[in-house]
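Reader: I am new to this structure and would like to learn how to read it. Could we go through it feature by feature?

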Amino acid sequence: MYEQSTTSTPVSAEPATGAETKTGAAGAPDVPPVILGKGPFPFLTLMICAICVGVFVGIHQEPEPYSWQALQKWGAYSATSIYGGAYWGLVTSVFVHVEPWHLAFNLYWLWVLGSRFEKVAGWRGWLIFFLAAAFFSSEAEFVAAGDSGI
């Protein structure tokens, strides 16, 4: 099924500079460069994480952080508001976290997965994916539960 190559590749005695990637059969990379930490710094992922932290701190500066008034001020709209036309709340709600454990869990996975996605797809691709995922996941929750959640 698989053929073993009988040709040999010349080996350099010079140390690798870090710019090359290991190649396997047919010259395909064994390890994607993103796993090796190559590529641009995930600036957009860092900004999204910072927005989440900023919103969390802002909510907890409110006199009643668990009230709809405070949550709406920071981006989480009630079902009534969304039915009334505040459709942007389907996207802005993804930045709202009230409990520290919720924020920590989401930031961890946002950084782990988001930074890799951004390195592979670029910041524009990551932004499009992030906004679409925010909208459709919030819409699915809204349709299934009849309410918005944070």
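Reader: How many helices and how many strands are there in the chain?

Author: Start with the secondary structure elements. This is a predicted model, and its chain has five helices and zero strands. Read along the sequence, the pattern is α-α-α-α-α.

Reader: What share of the residues in the chain is buried?

Author: A residue counts as buried when its relative accessible area is under 20%. Here the chain has 150 residues, and buried ones make up 30% of them.

Reader: And the contacts: what part of them joins residues 24 or more positions apart?

Author: Take the contacts in the chain with a separation of 6 or more; residues 24 or more positions apart account for 60% of these.

Reader: How do I read the packing of two helices, such as α1 and α5?

Author: Look at the angle, the distance between the axes and the handedness. For α1 and α5 the angle is about 145 degrees, and the axes lie 7 Å apart. The crossing in which α1 passes α5 is right-handed.

Reader: Which residues of α1 and α5 meet?

Author: On the α1 side they include Phe 43, Leu 46, Cys 49, Val 53 and Phe 56. On the α5 side, Leu 103, Trp 111, Glu 118, Trp 126 and Phe 130 are among them. Sorted by class, the contact of α1 with α5 has 17 nonpolar, three polar and one charged residues.

Reader: What is the volume of the largest pocket, and which residues lie nearest its centre?

Author: The largest pocket holds about 530 Å³ of space. Its lining has 24 residues, and those nearest the centre are Val 94, Asn 106, Leu 110, Phe 130 and Ser 137. Two elements give two or more residues to this lining, namely α1 (43-59) and α5 (100-145).

Reader: Which element gives the most to that lining, and what classes of residue are found there?

Author: The most comes from α5, with 16 residues. By class, the lining of the largest pocket has 15 nonpolar, eight polar and one charged residues.

Reader: Now a single residue. Where is Phe 95, and is it buried or exposed?

Author: For one residue, ask about its place, its accessibility and its contacts. Phe 95 sits in the loop between α4 (89-92) and α5. Phe 95 counts as buried because its relative accessibility is 15%, and the cut-off is under 20%. Leaving aside neighbours within four places in sequence, Phe 95 is in contact with Ile 48, Ile 51, Cys 52, Val 55 and Phe 130. Phe 95 and Cys 49 are 46 residues apart along the chain, while their C-alpha atoms are separated by 8.5 Å.

Reader: What does Ser 138 touch, and why does it count as buried?

Author: Ser 138 is placed in helix α5. Its relative accessibility is 10%, so Ser 138 counts as buried. Not counting residues up to four places away in sequence, Ser 138 touches Leu 90, Ser 93 and Val 94. Between Ser 138 and Val 94 there are 7.9 Å from C-alpha to C-alpha, although the two are 44 residues apart in sequence.

Reader: Why do Gly 122 and Phe 129 count as partly exposed?

Author: That label is for values between the cut-offs of 20% and 50%. Gly 122, found in helix α5, counts as partly exposed because its relative accessibility is 25%. Phe 129, which also lies in helix α5, is put in that class because its relative accessibility is 43%.

Reader: How far apart are the C-alpha atoms of Gly 122 and Pro 40?

Author: They are separated by 8.6 Å, and the two residues are 82 residues apart along the chain. For Phe 129 and Phe 117, 12 residues apart along the chain, the C-alpha separation is 9.3 Å.

How values were computed: Residues are numbered from 1 along each chain as its sequence is written. This is a predicted model: local features need pLDDT of at least 70, side-chain atom pairs count only at pLDDT 80 or more; totals for chains, interfaces and linings use all residues. Side-chain values use heavy atoms; hydrogens and water are left out. On a 1 Å grid over the protein atoms alone, a cavity is a set of points where a 1.4 Å probe fits but cannot get out, and a pocket is an open set with protein on both sides within 12 Å along at least five of seven lines; lining residues have an atom within 4 Å of a point. Grid points are joined across faces, edges and corners, and a volume is the space filled by probe spheres set on the points. Helices (H or I, at least four residues) and strands (E, at least two) are DSSP runs, numbered from the N terminus. Ala, Val, Leu, Ile, Met, Phe, Trp, Tyr, Cys and Pro count as nonpolar, Asp, Glu, Lys and Arg as charged, and the others, Gly among them, as polar. Buried means under 20% relative accessible area, exposed over 50%, partly exposed in between (1.4 Å probe, protein chains only). Contact means heavy atoms within 4.5 Å. Axes are lines fitted to C-alpha atoms, for helices over the stretch in contact, and angles run from 0 to 180 degrees between N-to-C directions. A crossing is left-handed if the near helix is turned anticlockwise from the far one by less than a right angle, and right-handed if clockwise.
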